[in-house]
Amino acid sequence: MDLLLNTPALTAYEQMALDETCALAHAGGFWLRFYHWADKEAVTFGYAQPRRSVLRQAAAAGVCGPAVRRPTGGGMVLHRGDLTFSCILQSEQPPAALYARLHGAIRAELAFLAPVKVWGKTAPQAYLPATHGQAGACFLNPVENDLLAADGHKILGGAIRRFGKTVLYQGSLQLPGARENPALKKAVITAVRREFAAHFVPRAAQADVLAQAKKLAQTRYQSEDWNGKFE
């Protein structure tokens, strides 16, 4: 069953824990979830990223919220009004191919709202875009199939991790007022629906799943062992 998962406001630690919990519990279909943030601002950073440099960059950006290591890869992302979402599905496609497929579909829908480029395709590889304060280090260094605005700054990046045949994608759409803009959320939903033939059923996350995620947040994602794994 394809689910549009609704959740209460969660901390950055709980967001990461819930994505992992849902990925491990996934039994089929396409699950899409938009984060509802309890934190005014937060930082997430890639699984293999050294924490010391992340904290230094976050401090330079004036971020005072929590910083948590993601279960997925990629770079540091500042969550300040971005539209953050995750996708969970079963796929045997290589991560790069799935990334290109998902971002290509979202780009087609965003194009109805504003001009959008694809890094490495409609945007030249040699061009280094300005961030205009929209994002963190991840958004300073676009990779192939990330999405860029007309002026060249990166607006959509994400990271993928496999749990067996189940794939977890975590993405951040960085546009002014993105989190409060229903048109952007609709664009993501429509893109996924068309590209993956998803027939979404809205559903609140079950209480036992939320409880499991909160426990995982406390035991792993808030822990020094996890966040200080690579200094």
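This is a predicted model: local features need pLDDT of at least 70, side-chain atom pairs count only at pLDDT 80 or more; totals for chains, interfaces and linings use all residues.
1. Basis. Local features need pLDDT of at least 70 and side-chain atom pairs count only at pLDDT 80 or more, while totals for chains, interfaces and linings use all residues. Numbering runs from 1 along each chain as its sequence is written, and side-chain values use heavy atoms, without hydrogens and water.

2. Helix α1. This helix covers residues 12-25 (helices are DSSP runs of H or I, at least four residues; strands are E, at least two; both numbered from the N terminus). Its 14 residues should span 20 Å, and the end C-alpha atoms are 20 Å apart, which agrees (expected span: 1.5 Å times one less than the number of residues). Eleven of the 14 are buried, so α1 is largely enclosed by the rest of the structure (buried: under 20% relative accessible area, exposed over 50%, partly exposed in between; 1.4 Å probe, protein chains only). Among them are M16, L18 and C22.

3. Aromatic pairs. There are nine (ring centres of Phe, Tyr or the six-membered ring of Trp within 6.5 Å; planes under 30 degrees apart are stacked, over 60 edge-to-face, the rest tilted). F34 and F85 are tilted, at 6.0 Å and 45°. F34 is in strand β2 and F85 in strand β6, so the pair ties together parts 51 residues apart in sequence. F34 is buried at 9%; F85 is buried at 1%.

4. Second pair. Y35 and W37 are also tilted, at 5.5 Å and 55°. Y35 is buried at 6%, and W37 at 9%.

5. Cluster and charges. F34, F85, Y99 and Y169 form one aromatic cluster. The charged end of K185 sits over the F34 ring, 5.2 Å from its centre (NZ of Lys or CZ of Arg within 6 Å of the ring centre and within 35 degrees of the normal). R220 lies over the face of W226, at 5.8 Å.
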